[in-house]
Amino acid sequence: MTPRRQQILSTAAGLFAARGFHGVSMGDIGAAVGISGPALYKHFASKDDILGHCLLHASDQLLAGARELLSEPEAAAEGALTALIARHADFALDNPALIVVQEREWGALGADARAQVRERQLAYVDVWCDALRPLRPDLSGPQARAAVQAAFGLLNSTPHSARIGRATMRSLLTTMARAALLPGTASRDR
């Protein structure tokens, strides 16, 4: 992705999070990145296309990062899950606008973009389940998926959380997510 496209997506995500998808025009996005609204059409087909690319790019980043973590030879089961939790916490803390946009603007996505994003998200859940299931054989496949998605809800709560400093928030989130997925391990981590 070109730096300009990345700048447009990042800026648009911030605007969508602050004012809502329908409260932002192509002119607003263009002005925020220093180009005219019509010049945006050299980079994206429409505002809908920008929204789709924002969420698709976020999903691709999460999925690629998770797959990379699990492909490392030293990725022992518990360490891999801990690394997945830490990576997702970092992503959520570093990209609060994308978290808000994902939560609030899902309905504004076109059908094709929604299907592509959902495909990546489900693949991401599968990667997490692959890391969780060896540690939690007591969970069925559907239960593991539900547990992973609940952990995402916790980790993605960062835009709505009281700010207590990034390091403290990261520690709190990772400890809580780990305790939710692996009961009995929170006291060991202290």
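**Group meeting: contacts and salt bridges in a predicted model**

Ala-13 is buried, at 2% relative accessibility; buried means under 20% relative accessible area, exposed over 50%, and partly exposed in between, with a 1.4 Å probe and protein chains only. Before I go on, this is a predicted model, in which local features need pLDDT of at least 70 and side-chain atom pairs count only at pLDDT 80 or more, while totals for chains, interfaces and linings use all residues. Residues are numbered from 1 along each chain as its sequence is written, and side-chain values use heavy atoms, with hydrogens and water left out.

Back to Ala-13. This residue sits in helix 1, residues 3-19. Helices here are DSSP runs of H or I with at least four residues, strands are runs of E with at least two, and both are numbered from the N terminus. What does Ala-13 touch, leaving aside its neighbours within four places in sequence? The contacts are Cys-54, Ala-97, Leu-98 and Val-101, where contact means heavy atoms within 4.5 Å. For Ala-97, the C-alpha atom is separated from that of Ala-13 by 5.8 Å, although the two residues are 84 apart along the chain.

Next, the annotation. The unreviewed UniProt entry gives "domain: HTH tetR-type" for residues 2-62. UniProt positions are in the numbering used here, feature names are shortened, and annotations may be inferred rather than shown by experiment. In the model, that span is 67% helix and 0% strand, and its end C-alpha atoms lie 19 Å apart.

Now Gln-121, in helix 6, residues 111-132. Is Gln-121 buried or exposed? Its relative accessible area is 17%, so Gln-121 counts as buried. The side chain of Gln-121 makes a polar contact with the side chain of Gln-102, at 3.1 Å. A polar contact is a pair of N or O atoms within 3.5 Å; within protein, one must be able to donate a hydrogen and the other to accept it, and residues adjacent in sequence count only if both atoms are side-chain atoms. Leaving aside neighbours within four places in sequence, Gln-121 is in contact with Ser-59, Gln-102 and Trp-106.

On to charges. How many salt bridges does the structure hold? There are nine, a salt bridge being a side-chain nitrogen of Lys or Arg within 4 Å of a carboxyl oxygen of Asp or Glu. One of them joins Asp-28 to Arg-19, with the closest N and O atoms 2.7 Å apart. Asp-28 is partly exposed at 29%, and Arg-19 is partly exposed at 44%.

Another pairs Asp-90 with Arg-170, the closest N and O atoms being 2.5 Å apart. This pair links distant parts of the chain, with Asp-90 in helix 4 (residues 77-94) and Arg-170 in helix 8, 80 residues apart. Arg-166 and Asp-94 also meet through their side chains in a salt bridge, at 2.7 Å from N to O. Arg-166 lies in helix 8 and Asp-94 in helix 4, so this pair ties together parts 72 residues apart in sequence. Asp-90, Asp-94, Arg-166 and Arg-170 are linked in a network of salt bridges. Asp-90 is partly exposed at 22%, as is Arg-170 at 27%. Arg-166 is partly exposed at 38%, and Asp-94 is partly exposed at 48%.

Last, Ile-164. This residue is in the loop between helix 7 (141-155) and helix 8 (166-181), and is partly exposed at 41% relative accessibility.
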